[in-house]
Amino acid sequence: MFNEINYSEIEFAAYNRKSSEQDERQALSVESQVEKAVEVAERLSINLKDEYILRESKSAKKSGKRSIFEGVIKDIEKGRIQGIITWHADRLSRNAGDAGRLVDLMDEGKLKCIITYQQIFRNTPADKQMFTITCAQAKMENDNKGENVKRGLAKKRRMGYLPAMAKIGYMNDKGEKGFRKTLIDEQRFPLVKKLLEMFLTGKYSVRELHKIAVNEMGLTTVPRKRIGGKSIKLSALYRALKDPFYAGFFHGKDDEGIIRRYEVNESVPRMVTESQHRKILSLLRRPNMPRSWVYRNDFPYKKHLKCGDCGGSITAEKKVQMICKECRKKFSLGHKTACPKCGVRIKGPKSGKILNYEYYHCVKKKNPKCPGKNISESEINGFFVQNVVSRLAVSPALRDWCIDSIRVLERREEMYGGKIEENWMNRLQNVQEQRKRLVSAHINGLINKEEFERENDRIEEETATIEAKIGKKGHSTEDLRGIEKKFDLLTEIRDIIENGSSEEKMEALSILGSNLTLTKKKLSVTNDFFCSTLEKYFDVAKSKNPRFEPEKTPANKDETEVFASVRPTMLRG
Ligand SMILES: [Zn+2]
Ligand SMILES: [Zn+2]
């Protein structure tokens, strides 16, 4: 049976569809398909109307989801068209359902033929069978290709490699395609790592980090054939911050198509740990990123302050206020982006005057009912200046004199070490004898209470001093260096506490070893051995000469002699 067809009597639709899935076999672009369809129509003298040159943008993998294809089916059912021109059968049908519907329409006599670039399928049993087979073959190839691709990707993931373009900071080696290993991008790895670390400090917003990446680091994407080589985009930086790959894992489908976690191959260095990655995610979730120009989390006194009311730790908070440049309104900055009165936008520190208030208060963890009160950083500063700085600051000349004296003692001790030690032991014994006599004199009523207490204080003080000497027998060079460091600091301490940065203050407090206690809104301080000893010597020197001011002692003999007069007491600082 052979049906001769007169193409000029048939209305045709040219159906063109692009491939939208990556694993679908390479198809011509829609416009190339249109060109081919027009070529076929001309070859067969078909009058193809412009309105029937159709372009479908959706894939045909799941039937029933292509609106243009559905329109073609309807037009055939309604008898408006009787033929289809298409580049390949797989453009029309990618599943058995689609092919079946077209064959049904042929059986009903409504569809007379399907013309592809290479073949004509007429309404004959052989052609219909061929059409069905061609469609099935296309589907099978597509499925196989998909399966192979899926298996290949899953295998690569299991090996700990991303089957995709390398993340910024890394690169793929030039090995066999699909099995390329991940290497470090020497140029970008340290920059991206630095950015992640900076973000982890909590001091930078993504936007600020982006500015640093672009303007200061000059971080660009990897140049490729058509893209890349440009400054990293803000959105790309966001993605990089969120990306777990930098912490050594990623997510992808396994052989069964189930999404699971894969560990990055051990040969690939990580930029952050997994817990750092989680911290980055939680920082990103904050309702508003910090503004570095008002943000501070380095409170210098935090580590050196204890709550005297409950013995717990002290924490600190910062409150920032702004005085609007436009309307002079003073308001708490918080996360506001505009002045609450006049609505002018807050763009940065120049949008108004910034007022900072740092408050320290008990964490109330040890005792939730602790009555501890707030104290401002400026109050602590004031106390510290009055009670530590003013009492211990030394002039450079006095520092030199003290260090020289210690060196002299050091040398003398090296020479007479044993004798000095013996001497101290004798003195200790002597003081203990004195104490025994004092106690018995007091018990026997030979001295009154006042006399006893005065003598007792003196003896206790001397005992402590001698015991300290014996305990600290033989300064090592390291000790001396530590003492020099402290003296150096004491020449600058006022400037640091009054004008220094938080970091400088924190370092100074650590070197000095001063600890503060906050009790009922009142501060007190305890100094380490060095500072308390020095303070004692200064007090003695001051009592001998009220004009003695350690902080102002010039390199002048008269003044230093005042200090030299207390030298016997100051055997070692
Ligand atoms: Zn407390
Ligand atoms: Zn305003």
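User: Which residues does R345 touch, not counting residues up to four places away in sequence?

Analyst: Please note at the outset that this is a predicted model. A contact means heavy atoms within 4.5 Å. By this rule R345 touches T337, A338 and S351. R345 itself is found in the loop between β12 and β13.

User: Is R345 buried or exposed?

Analyst: Exposed means over 50% relative accessible area. R345 has 53% relative accessibility, and therefore counts as exposed.

User: Which residues coordinate the zinc ion (ligand 2)?

Analyst: To read a metal site, one begins with the donor atoms. Here the SG atoms of C324, C327, C339 and C342 coordinate the zinc ion (ligand 2), at 2.3 Å. Along the sequence, these donor residues follow the spacing C-x2-C-x11-C-x2-C.

User: Why is the arrangement around the zinc ion (ligand 2) called tetrahedral?

Analyst: Four donors count as tetrahedral if all angles lie between 85 and 135 degrees. Around the zinc ion (ligand 2), the four donor atoms subtend angles of 104 to 113 degrees, so the arrangement is tetrahedral. C324 lies in strand β11 (residues 314-324), while C339 lies in the loop between β12 (330-332) and β13 (352-362), so this pair ties together parts that are 15 residues apart in sequence. Both C324 and C339 are buried.

User: How many salt bridges does the count come to?

Analyst: A salt bridge requires a side-chain nitrogen of Lys or Arg within 4 Å of a carboxyl oxygen of Asp or Glu. The count comes to 27 salt bridges. One of them joins R391 and E535, with the closest N and O atoms 2.2 Å apart. This pair links distant parts of the chain, since R391 belongs to helix α10 (residues 377-392) and E535 to helix α15 (residues 529-544), 144 residues apart. R391 is partly exposed, with a relative accessible area of 30%, whereas E535, at 15%, counts as buried.

User: Where do R458 and E462 lie?

Analyst: Both are in helix α12 (residues 449-471), four residues apart, which is about one turn of the helix.

User: What do the side chains of D528 and K486 form?

Analyst: They meet in a salt bridge, at 2.4 Å from N to O. D528 lies in the loop between β16 (522-526) and α15, and K486 in helix α13 (residues 477-499); the pair thus links distant parts of the chain, 42 residues apart. K486 is buried, with a relative accessible area of 15%.

User: Which residues are linked in a network of salt bridges?

Analyst: R261, E263, E274 and R278 are linked in such a network.

User: Which residues are buried in helix α14?

Analyst: Helix α14 spans residues 502-512, and its buried residues are S502, K505, A508, L509, I511 and L512. One may then look just past the helix, where G513 takes a positive phi of about 70 degrees.

Definitions and conventions: Residues numbered from 1 in each chain as written. Chains lettered and ligands numbered in written order. Predicted model: local features only at pLDDT ≥ 70, side-chain atom pairs only at ≥ 80, totals over all residues. Heavy atoms only, no water. Donors = N, O, S within 2.8 Å, 3.2 Å for Na, K, Ca; no water. Tetrahedral: all angles 85-135°; square planar, octahedral: opposite > 155°, others 65-115°. Helix = DSSP H or I, 4+ residues; strand = E, 2+ residues; numbered from the N terminus. Buried < 20%, exposed > 50% of the residue type's maximum accessible area, 1.4 Å probe, protein only.
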